[in-house]
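Open the model in your viewer and keep the selection tool at hand. The stops below can be followed in order.

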Amino acid sequence: MVRESMEEGLLTSRYQLPPNETKPTSNGADGDSLADNLNMPSQPAASSLTPVLVFSTFVAVCGSFSYGCSLGYSSPAETGIMEDLDLSLAEYSVFGSIMTIGGMVGAILSGKITDLIGRKRTMWFSDVFCTVGWLAIAFAKNALWLDIGRLLIGLGVSIFCYVVPVYVAEIAPKSYRGSFASSNQLMTSSGFAIMFFVGSFISWRTLTMIGTIPCVVQIIGLFFIPESPRWLAKCGREKEFEASLKRLMGENSDISEEAAEIKDYIATLEQQTEASFLELFQRRYADALIVGVGLMLLQQLGGNSAVAYYTSSIFKESGISGSLGLQVLAVLQIPVATLGLLLMDRSGRRPLLLVSASGLCFSYFLQGLAFCFKELPNLKALTPPLVLSCTLIGATAFTIGLGGIPWIIMSEIFPINVKAQAGSLVTLVNWSTAWIMTYSFNFMMDWSLAGTFFFFSGISGLTVLFVAKLVPETKERTLEEIQASITHSFSVI
């Protein structure tokens, strides 16, 4: 029987060979990336890029693009939806935040579904939910259909958040895995940026149809790409496994070494003892839980999801044109995401997290001051440029660090026997906290514009202390070294 822990192990744990064999080594800078920390065998040196491999990756990351579109939709659509459907602030807050409720459900189900029906079918499954959700919003006549559509999108994209990086990691050669895995975050930022930019010019109903495009492209493209060879191997479908591997590596390539390593890997995982969910709360895993759950809580309590959902409202409160502000922010997203990916392999996790949290603390504090200036006649003129500048600084700081690194660290600090349970727990914490913040944000703004951002600044300051005191550096360390240092009684299972 296939073990649930294999789902997360495929993504993040270092490959453990049988005693008689030599442990493969990473090459070059790739060793620092999330993809290099995968618990999978390395590809033969002869592995090279093939059209099927590139196309398969493109089709998969269409799911990431869809996720980015869902994140960027609510802010440019806010004014149009509230005016056309006569929604109250509370009703739109529900619409903006309900995606995270669907996300919580999808986060719990994603691992099981991906392992049960395979990577391709899971992406199809997610596409159906996302497409139906976008169409429900496009033709909505009242708040109920808006909420149903947003809920379905949340369910679909939360599964994408899991299955897309799993599939890409399982098909990519080791020598290219870092850059291929990076395309996931880049496409998410691209979808977010396009929604922000295009949403300034078109109606909210037309904008929803743009959200369906990556889903339709992926639905069609999935007919032409192979299933993950590693999933086929662990299901015992040997002929299909070899055929899939052959397509990905090239028809004239020798797949014998790669096939043998994958089979050894599957055999090794079958010998692992999977812990129950309650065993996750043993003392030996306490430090890892504190780091994993703490980073997810602080990431969302820092308010970035809420700020992203309601950026247009923030700009309007400061006296800036909502459409102009969104366009500037959209233009910034893709180059900043690219910069973050380049820095990841060079500077390490902790330095980027510290810079990111410090930048957010600084930008939110200045943003709070800017809204204080709004009440002072002599300083009121400073509010619009200061809010715009701080929003851009905050978006940059979040993207290069707190946006993605907590997920990477989560994948590195938990031993494989509790990785599935721990991954579900911290993902649920992330989505549930995101729901609380996105729902309450408009009410916090009504309470105090300046106070809201001073609160976020304080949380970001706590994040700096948390990272400095508790979060380990995982760059250039094996998973065994990381887990031995963070657990009280680590042992290789």
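Select Tyr364, Phe371, Phe441, Phe453, Phe455 and Phe456 and show their side chains: ring pairs link these residues into a cluster. Keep in mind that this is a predicted model. In total, the structure holds 16 aromatic pairs.

Next, select alanine 450, which is placed in helix α19, residues 449-470. Is alanine 450 buried or exposed? Its relative accessibility is 11%, so alanine 450 counts as buried; the cut-off for buried is under 20%. Alanine 450 and glycine 368 are 82 residues apart along the chain, yet their C-alpha atoms are separated by 4.1 Å.

Colour helix α15 (residues 349-373) and helix α16 (residues 383-400). At what angle do α15 and α16 pack? The angle is about 165°, and the axes are 8 Å apart. Because angles over 145 degrees count as roughly antiparallel, α15 is roughly antiparallel to α16. The crossing of these two helices, α15 and α16, is left-handed.

Move on to helix α2, residues 51-84, and helix α7, residues 204-221. Their axes come within 8 Å and cross at roughly 165°, which makes α2 roughly antiparallel to α7. Where α2 passes α7, the crossing is left-handed. Which kinds of residue make up the contact of α2 with α7? The residues there divide into 15 nonpolar, seven polar and one charged.

Stay on α2 and select phenylalanine 58, which lies in this helix. Phenylalanine 58 has a relative accessibility of 41%, so it counts as partly exposed; that class lies between 20% and 50%. In sequence, phenylalanine 58 and glutamine 218 are 160 residues apart, while in space the distance is 8.8 Å from C-alpha to C-alpha.

The axes of α2 and α4 come within 11 Å and cross at roughly 30°. Angles under 35 degrees count as roughly parallel, and therefore α2 is described as roughly parallel to α4. Here too α2 passes α4 in a left-handed crossing.

A pair of aromatic rings is described by the distance of the centres and the angle of the planes. For tyrosine 73 and tryptophan 134, the centres are 5.4 Å apart and the planes are at 80°, an edge-to-face aromatic pair.

Follow the chain past α2 to aspartate 86, in the loop between α2 and α3 (89-117). What is phi of aspartate 86? Phi is near 55°, a positive value in a residue other than glycine. Aspartate 86 has 67% relative accessibility and therefore counts as exposed.

For the last stop, select phenylalanine 95 and arginine 150. The charged end of arginine 150 sits over the ring of phenylalanine 95, and the distance to the ring centre is 5.4 Å.

Technical notes:
Residues numbered from 1 in each chain as written. Predicted model: local features only at pLDDT ≥ 70, side-chain atom pairs only at ≥ 80, totals over all residues. Heavy atoms only, no water. Axes fitted to C-alpha atoms, helices over the stretch in contact; angles between N-to-C directions. Helix = DSSP H or I, 4+ residues; strand = E, 2+ residues; numbered from the N terminus. Parallel < 35°, antiparallel > 145°, perpendicular 65-115°, else oblique. Left-handed = near helix turned anticlockwise from the far one by under 90°. Nonpolar A, V, L, I, M, F, W, Y, C, P; charged D, E, K, R; others polar. Phe/Tyr/Trp six-rings, centres within 6.5 Å; stacked < 30°, edge-to-face > 60°. Lys NZ or Arg CZ within 6 Å of the ring centre and 35° of its normal. Buried < 20%, exposed > 50% of the residue type's maximum accessible area, 1.4 Å probe, protein only.
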